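Subject: Structure handover

Hi,

Here is the structure you will be taking over. My notes follow below it.

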Amino acid sequence: MGTYIRKVLGDYRGRLAVNKVILVTHSMGGLVARHYSENLNGQENILGIVHGVMPDLGSPAAYRRMKTGERGVTGMIIGNSAVTLMPVLAQSPGPLQLLPGKAYGPGWLKIEGGSSHQSLPVNYPYEEIYLNKIAWWRLCEQDLLLGDTNGEWEAYQDRIKLDVKKFIEELNGKYHPQTWLFYGASADNPSDAFLTWKERPVLRPVPVMGYPEPSSPTYRYDAGKTFELISAGTPGDGTVPVTAIRTTSPRIRGILATDVDHEGAYAVDPVDRSRSVYSDLSDALMFTVRSVVKIVQQVPVP
């Protein structure tokens, strides 16, 4: 990002009122932009940032993808079960950096079996869930990793400690001084504020390649019990729940909670024209344009 921004500023040098850019981001692009701005000394090159549907504090959906694969048509392409998707995600820092950090708070992963109830993490998601090697509800299952599973597990541990934990925790609470953001807050786009492993009637697993493949990607088995991973279905954008958004910071200049789905966050047409402030453009798009104008107004008039 830094290289590209420097190239753009070089191309326009001498033709700008101020030698800075405005960044408009989507989803994890917001985290990347903030990392460049606040942790890599890029702030001096940025006039302001507009974030759309940014998973600020992380999202439990990242855990769900690891354990059950992706849903819908996307899952058919990239992997619709842990067997097909977990080995890929475990090697990829980017998707892992979308996991909930410590600031997301405790108890977003619940295990309900009979009379026993457990809420995790209690304090530290990295040690309790992401680096856990024993519990059946752990994030990464070593048996599903490719090639030398012992070596892959060690590489995964290093990835969590060095690439994921460091990225998430060092970014926490840091924003460009001119930050504007919008996020999805509709019950029509059910999201995962928390996840629940709920005990179900016993179903017999069918071994596949030595791994007890669940009869459904959402099932896991432990001590003769069957558990199903249930999404919370809370308001959000379908991927990022409202609980993943931090709305209080002196550096956040404006916020819009609106009805957008994650992938179509910058769609031109309103989701519902009857409820939109503007009949021809989505509220999110109008907020983005207004935010850019507000950012530009910082530039002194010659």
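What is the accessible surface of the chain, and what share of it belongs to carbon and sulfur atoms? The surface comes to about 14800 Å². Carbon and sulfur atoms hold 55% of that. Please keep in mind that this is a predicted model.

Overall picture

The chain has nine helices and 13 strands. Its C-alpha atoms fill a box of roughly 75 × 50 × 35 Å along the principal axes. For 302 residues, a compact globule would have a radius of gyration near 19 Å. The chain has 21 Å, which agrees. Of the 302 residues, 48% count as buried. I also looked at contacts between residues at least 6 apart in sequence. Of these, 72% join residues at least 24 apart.

Helix α3 and what follows

Helix α3 covers residues 61–68. Eight of its eight residues are buried, so the helix is largely enclosed by the rest of the structure. Just after α3, Gly69 takes a positive phi of about 80°.

Leu85

Leu85 sits in helix α5, residues 82–89. Its relative accessibility is 3%, so Leu85 counts as buried. Which residues does Leu85 touch, leaving aside neighbours within four places in sequence? They are Arg65, Gly69, Glu70, Ile78 and Gly79. Gln97 is another matter: Leu85 and Gln97 are 12 residues apart in sequence and 16 Å apart in space, C-alpha to C-alpha.

Ile78 lies in helix α4, residues 72–78. It is in contact with Leu85. Ile78 is partly exposed, with a relative accessible area of 42%.

Asp259

Where is Asp259 placed? It is in the loop between β13 (252–258) and α9 (283–296). Is Asp259 buried or exposed? Its relative accessible area is 17%, so Asp259 is buried, the cut-off being under 20%. Its side chain makes a polar contact with the side chain of Asn189, at 3.4 Å.

Over to you.

Best wishes

Definitions and conventions: Residues are numbered from 1 along each chain as its sequence is written. This is a predicted model: local features need pLDDT of at least 70, side-chain atom pairs count only at pLDDT 80 or more; totals for chains, interfaces and linings use all residues. Side-chain values use heavy atoms; hydrogens and water are left out. Buried means under 20% relative accessible area, exposed over 50%, partly exposed in between (1.4 Å probe, protein chains only). Helices (H or I, at least four residues) and strands (E, at least two) are DSSP runs, numbered from the N terminus. The radius of gyration is taken over C-alpha atoms; the globule rule is 2.2 Å times the number of residues to the power 0.38. Contact means heavy atoms within 4.5 Å. Accessible areas come from the Shrake-Rupley method with a 1.4 Å probe; for residues, only the protein chains shown count as cover. A polar contact is a pair of N or O atoms within 3.5 Å; within protein, one must be able to donate a hydrogen and the other to accept it, and residues adjacent in sequence count only if both atoms are side-chain atoms.
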